[in-house]
Amino acid sequence: MSELVLAAVDQGVLTLTFNRPETLNAWTDAMGRRYFDLLEEAERNPEVRAVVVTGAGKGFCSGADFKTLNAIQTGSYDEKPDPRPNTFPTSIAKPIVAAVNGACAGLGMVHALVCDLVFTAEDAKWTTAFPRRGLVAEYGLSWVLPRVMGQQRAMDVLLSGRVFTGREAYELGLANRAVPGESVVAEAQAYARELAAYSSPASMAVIKRQVWRDWDVTLEESAKTATQEMLASFGRPDFAEGVASFLERRPPAFPAL
């Protein structure tokens, strides 16, 4: 099972690679469990300050494995599901950057968009695929997509299930950057290394929690919570180090989360 997702740490960045290239990294419960386990380990590991997620070979994740879908259809699926939801990465206190290197379809698109940032290869093939498989907008995409790209654009990609490129995904607001395919992982890692070197782990954890949570609250509630979080941040060593490093014109040395 450990080979289903590869893991490597360098300069504070953990790179996780879905490793079923023969299926364009089609999602299975076993691969998902390993991925989520590694995210939990990353959250506990003080050496890890940011995470990059990508796929081996020519795909990021081509969606749910067809053997799984067929078993569900025939009633023979008997694997116990992971209790952690597919939105689990949003609960991890460290920033996660998706490096979409190739096919990003259905459930794979879900897992790209529950990361905090998305870098995509310009020629990567994106699709929701759901209506072309007789399925619906799965795992919160009907909530995420209108918020990141607007309702009309969300309706387009959800109702049509059409294939579009990473370049269009960027233009639609689904990705932070669209770059040549051969450099997408390196660029995502470089960005993550910058987070690891210059951004406070405590600050990033709180900001991530604020952004994902605040979609559900009013402006007044968000402002009230932000004030409480700001007062709490004044008492952390990260604040003292952030100010000191700025005044001393040196890189910060923030403590681990």
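This is a predicted model: local features need pLDDT of at least 70, side-chain atom pairs count only at pLDDT 80 or more; totals for chains, interfaces and linings use all residues.

Q: How are H4 and H5 packed, and at what angle?

A: Two packed helices are described by the angle between their axes and the distance between the axes. Here H4 (residues 141–149) and H5 (residues 151–160) pack at about 130 degrees with axes 7 Å apart, where helices are DSSP runs of H or I with at least four residues, and strands are E runs of at least two, numbered from the N terminus. Axes are lines fitted to C-alpha atoms, for helices over the stretch in contact, and angles run from 0 to 180 degrees between N-to-C directions. The two helices are therefore oblique to each other (under 35 degrees is roughly parallel, over 145 roughly antiparallel, 65 to 115 roughly perpendicular, and the rest oblique).

Q: Which residues of H4 and H5 meet?

A: With contact meaning heavy atoms within 4.5 Å, Ser-142, Leu-145, Pro-146 and Met-149 of H4 meet Gln-151, Arg-153, Ala-154, Val-157 and Leu-158 of H5.

Q: Which elements line the second largest pocket?

A: Rolling a probe the size of a water molecule over the atoms shows where empty space is left. Strand E7 (117–121), H4, helix H7 (184–198) and helix H8 (201–214) each give two or more residues to this lining, and H8 gives the most, with seven.

Key:
Residues are numbered from 1 along each chain as its sequence is written. Side-chain values use heavy atoms; hydrogens and water are left out.
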